[in-house]
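Here is a short report on charged pairs and open space in a protein model. Look through the structure, then read on.

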Amino acid sequence: MASLRDVKTKIGAIKKTKQITKAMNMVASAKLRNAQSRIERFKPYAQKFFEMLGDLAAGADESVHPLLAKREEKKTVGIVLVTSDRGLCGSFNVNLIKAALKLAAEKKAQGLTVKFYCVGKKGRDAVRKAEYEILVQYRDVMNSFDFTLASKLGQELINSFLDNTLDEVVLVYGEFISLGRQVPVAQNILPISGDQAGIPEVQSSGKEYIYEPSVEGLLAELLPRFIKVQVYRGMLDTSASEHAARMSAMNNATRACDDMTNALTLLYNKTRQAAITRDLMDIVGATEALK
Amino acid sequence: MSKKLLLEIVTPDRKVLSQDVDYVGAPGALGEFGVLPNHIPFLSALGIGNLYYKDAGKTHYVFVSGGFAEVSPDKVTILAEAAEMATDIDLERARKAQERAQQRLARAQDKIDHARAQAALRRSLARLTCRNSGDKAGTC
């Protein structure tokens, strides 16, 4: 049986761990609120953007822009994997990485070369271990990214697509559904297809517009930005999901700490009682012997 | 003028402005255009520059870059990658950005660097003029 002192140190250690997990839970919930409000602030822009694109696409002939063109013969596929930089958030990163690697394996089985773009350290590490080629990586950015970063990454993707380094691009990110539910989502972002998943709100308002410079000119401006908007949304969602996942993971850890402290306190008291009983027996035995 | 236009400026990070105004002047990709209420539906790309609107006799200035304008009879929506009210512009920062861009412009070797530095220079200059115009109009 463990000694009294051992049990006591253990209880102390667990109590300290509990303080940490509790603090992390609160930090994560504050950050989650922040991330959620960023999503809220992004919504009007995204909404308007999709409306505008919908109007334009309705009046435009397809196949007017190289970003819309499907390639007959595909050779390489780029996977953009957005994960968090830090762990301690349950199975969140693991799920994302699993989804991305599964996709990569499928593409590889079709005879395609897979190249990765990694945002976030966790994904980068896993992809490197799986020995896929990483073209671009951004680390330690999930804490403080803004549209500039999404714009940079988006431009990178567009350039690679246009110079035929990539024939297809898939974005893998953690969609934020609710506090308790975050789902890895794989979304094809290049080439842009008319009935793209994830933008159900595309609808034409039916107005006749005057376009300046021209429909083609506007599409040439809008489509690259569309990629950036999607990358940005992926990053925002992943960030919110990360904090939500961390919150629930830390909540579980705090509860586990409570359970363990209870069990150990019980053990401590039992051990103490046993020791007292033993001591009493000794004394009684000694006095008996002296008689 | 009784009828007004609703001017909305949104960026990916926030909604910069949503206000009823009398007149909007915007830096279109093919040159500046002005919008009064009852304008015909119109969609245009915007360049880097200053947008201004008139409200209650006063002119307000807004810096915009990389955006689009959607005009309907009673509403103007601006989608921009970056937009700042003249009041919010950090003069010091814009000046520093201008210097940096000029230095880079002098050093830039290849075409892409050159183009980037030029865009940065144009943005910083537009910010400065925006603030100055705002100061002159007395709305800063």
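## How a pocket is found

A pocket is defined on a 1 Å grid over the protein atoms alone: it is an open set of points where a 1.4 Å probe fits, with protein on both sides within 12 Å along at least five of seven lines. Lining residues have an atom within 4 Å of a point. Grid points are joined across faces, edges and corners, and a volume is the space filled by probe spheres set on the points.

This is a predicted model: local features need pLDDT of at least 70, side-chain atom pairs count only at pLDDT 80 or more, and totals for chains, interfaces and linings use all residues. Residues are numbered from 1 along each chain as its sequence is written, chains are lettered from A and ligands numbered from 1 in the order in which they are written, and side-chain values use heavy atoms, leaving out hydrogens and water.

## The largest pocket

The largest pocket holds about 1,900 Å³ of space. Its lining has 42 residues. Nearest the centre lie Thr148(A), Ser151(A), Ser65(B), Glu81(B) and Arg123(B).

Which helix gives the largest share of the lining? H2(B) does, with nine residues. Helices (H or I, at least four residues) and strands (E, at least two) are DSSP runs, numbered from the N terminus. By class, the lining has 14 nonpolar residues (Ala, Val, Leu, Ile, Met, Phe, Trp, Tyr, Cys and Pro), 19 charged (Asp, Glu, Lys and Arg) and nine polar (the others, Gly among them).

A salt bridge puts a side-chain nitrogen of Lys or Arg within 4 Å of a carboxyl oxygen of Asp or Glu. Over all chains, the count is 18.

One of them joins Arg127(B) and Glu84(B), at 2.9 Å from N to O. Arg127(B) lies in helix H2 (residues 111–137) and Glu84(B) in strand E8 (residues 75–85), so the pair ties together parts 43 residues apart in sequence. Both residues are buried (under 20% relative accessible area; exposed is over 50%, partly exposed in between, with a 1.4 Å probe and protein chains only).

Asp135(B) and Arg131(B) also pair, at 3.8 Å. They are about one helical turn apart, because four residues separate them in helix H2 of chain B. Asp135(B) is partly exposed at 40%, whereas Arg131(B) is buried at 18%.

## Bridges involving chain A

Asp258(A) and Lys18(A) form a salt bridge at 2.8 Å. Asp258(A) sits in helix H5 (residues 215–290) and Lys18(A) in helix H1 (residues 4–59), 240 residues apart.

A network of salt bridges links Lys48(A), Glu51(A) and Glu70(B).
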